[in-house]
Amino acid sequence: IGIIKTVCRQLHNTVVRMEILQGIDDTHNHVVFAIRELGPVSGGRASGTSVVRRQQSFKPDLSYIDRLSWSPVPAAQFCQIFPFHIIFDEHQHLCQLGTSLFRVVTTYNIDVQNIKMNDLFVVERPQGMTLNFDDIKAHINMVFILQSKNSEPKEALRLKGQMVCLNEDDSDGKMLFLCSPRVCDLSELSGRRLYLSDLPLHDATRDLMLLDDTRANQHGQIVKLEDMNSKLNVAHQALADAHQDLEKEKDLTDKLLYSMFPVHVASQLKQNEDVAAETFPSVTILFSDIVGFTSICGRCHPSQVINMLDSLYKEFDAVTRENKLYKVETIGDAYMVVGGLTNRADCHEEMVCNQALDMMAVVGKVRNP
């Protein structure tokens, strides 16, 4: 209200009073004001007491159009320039359709010459109004959204644009609805039986849809790359786990190999080298057996016997390493070591004797089941 009063005072040199005749309610979504002129501005105040209703509206001077050398645009060319527009009269009869809109409407087997505007479309925005001229003129400065009637929701055609009064001073006035289809992406455009070429080059909807399609494709590529990256990470983790398991098995194989053969022989076998036979002039061999082993096996559970042998041979292996002897093999309760085989020492007899004494000493650590 203050803006209107200031404009009247500064531009029209008059003072006005504004009253609200009708507010926004369930049936009206706009406000109606009454502007009453109090008089010209005089010393900062209005003079005069006459109260009249000001109904004048600003109209631009369009007289220069008559002086232009070219003729008005033909209707056929206008329909191509604006492929989405509708011209209808005050009786709702369709007078003219844009080329793209005409093609879409006729695909539904609609006779455009014998159908009215309100039979084809319903006003979605502004809400709560019809397509009669009075309602349209009351909302002429608002954005209109029309939706086709009797269509599936996925195929409903929604048009967004503005209403323009043609031949407003004539009794046979017409209304121009200059619009564009309200769609979000290319799939929705094709669902309305439209093509990208139907949109004029100057329409921002074309650029928005192409941008949205490009971003959707980029998002799809990003999703695919992330999916491939996840699969690669899973495969890499599986490969790392398999490599770790392989290293564990390799370590077990090496331990078994080095426990069966001397170190230099096991190394040659590991590298797939031929092992040459060697001759030793003298070695000392120790054999050991468990006294009464057969009776122990007859009286005890097999697991008890296995645990006893495992504990006993662990003690034997420890003293064998301390005495730097070589264990040939273990069969049943027999334990065999050799001196002077891997360690070519002149005192291997003494080393084997020490082994025998140490074995007798550690036997007391193992319990007879």
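The secondary structure of the protein chain comes to 11 helices and 13 strands; helices (H or I, at least four residues) and strands (E, at least two) are DSSP runs, numbered from the N terminus. This is a predicted model, in which local features need pLDDT of at least 70 and side-chain atom pairs count only at pLDDT 80 or more, while totals for chains, interfaces and linings use all residues. Residues are numbered from 1 along each chain as its sequence is written, and side-chain values use heavy atoms, with hydrogens and water left out.

Of the 369 residues in the protein chain, 27% are buried. Buried means under 20% relative accessible area, exposed means over 50%, and partly exposed lies in between (1.4 Å probe, protein chains only). The protein chain exposes about 25,200 Å², and 54% of this comes from carbon and sulfur atoms; accessible areas come from the Shrake-Rupley method with a 1.4 Å probe, and for residues only the protein chains shown count as cover. Among contacts with a separation of 6 or more, 45% are between residues 24 or more positions apart, where contact means heavy atoms within 4.5 Å.

Two strands pair if DSSP finds at least two bridges between them.

Strand S5 (residues 85–89) is joined to S6 by 3 bridges, and the two run antiparallel. Ile87 has Gln96 as its bridge partner in S6. S5 also pairs with S10, in the antiparallel sense over 5 bridges, and here Ile86 has Phe177 of S10 as its bridge partner. S10 in turn pairs with S9 over 8 bridges, again in the antiparallel sense. Cys165 stands opposite Met175 in S10.

Why is strand S10 largely enclosed by the rest of the structure? In strand S10 (residues 174–181), 6 of the 8 residues are buried, so the strand is largely enclosed.

Val112 belongs to the loop between H3 and helix H4 (117–120). With a relative accessibility of 14%, Val112 counts as buried. Apart from its neighbours within four places in sequence, Val112 is in contact with Leu94, Leu97, Phe102 and Val105. Val112 and Gln96 are 16 residues apart in sequence, and their C-alpha atoms are 9.1 Å apart in space.

A further open sheet has 3 strands in the order S11-S13-S12, and its pairing is antiparallel. Strand S11 (284–288) and strand S12 (326–331) stand at the edges with a single partner strand each, so one side of each has no neighbour in the sheet. Neighbouring strands of this sheet are turned against each other by 15 degrees on average, direction ignored. S12 is joined to strand S13 (residues 334–339) by 5 bridges, and the two run antiparallel. In this pair, Ile331 has Ala334 of S13 as its bridge partner. H10 packs on the sheet and touches S11, S12 and S13, its direction making about 5 degrees with that of S13. H11 lies across S11 and S13 and runs at about 15 degrees to S11.

H10 and helix H11 (residues 348–362) pack at an angle of about 150 degrees, with their axes 10 Å apart. Their crossing is right-handed; a crossing is right-handed if the near helix is turned clockwise from the far one by less than a right angle, and left-handed if anticlockwise. From H10, the contact is made by Glu315, Phe316, Val319 and Thr320, and from H11 by Gln355, Asp358, Met359 and Val362. These residues divide into 4 nonpolar, 2 polar and 2 charged. Ala, Val, Leu, Ile, Met, Phe, Trp, Tyr, Cys and Pro count as nonpolar, Asp, Glu, Lys and Arg as charged, and the others, Gly among them, as polar.

Gln304 is also placed in helix H10 (residues 302–322). Gln304 is partly exposed, with a relative accessible area of 37%. Gln304 and Pro369 are 65 residues apart in sequence, and 6.4 Å apart in space from C-alpha to C-alpha.

How values were computed:
Axes fitted to C-alpha atoms, helices over the stretch in contact; angles between N-to-C directions.
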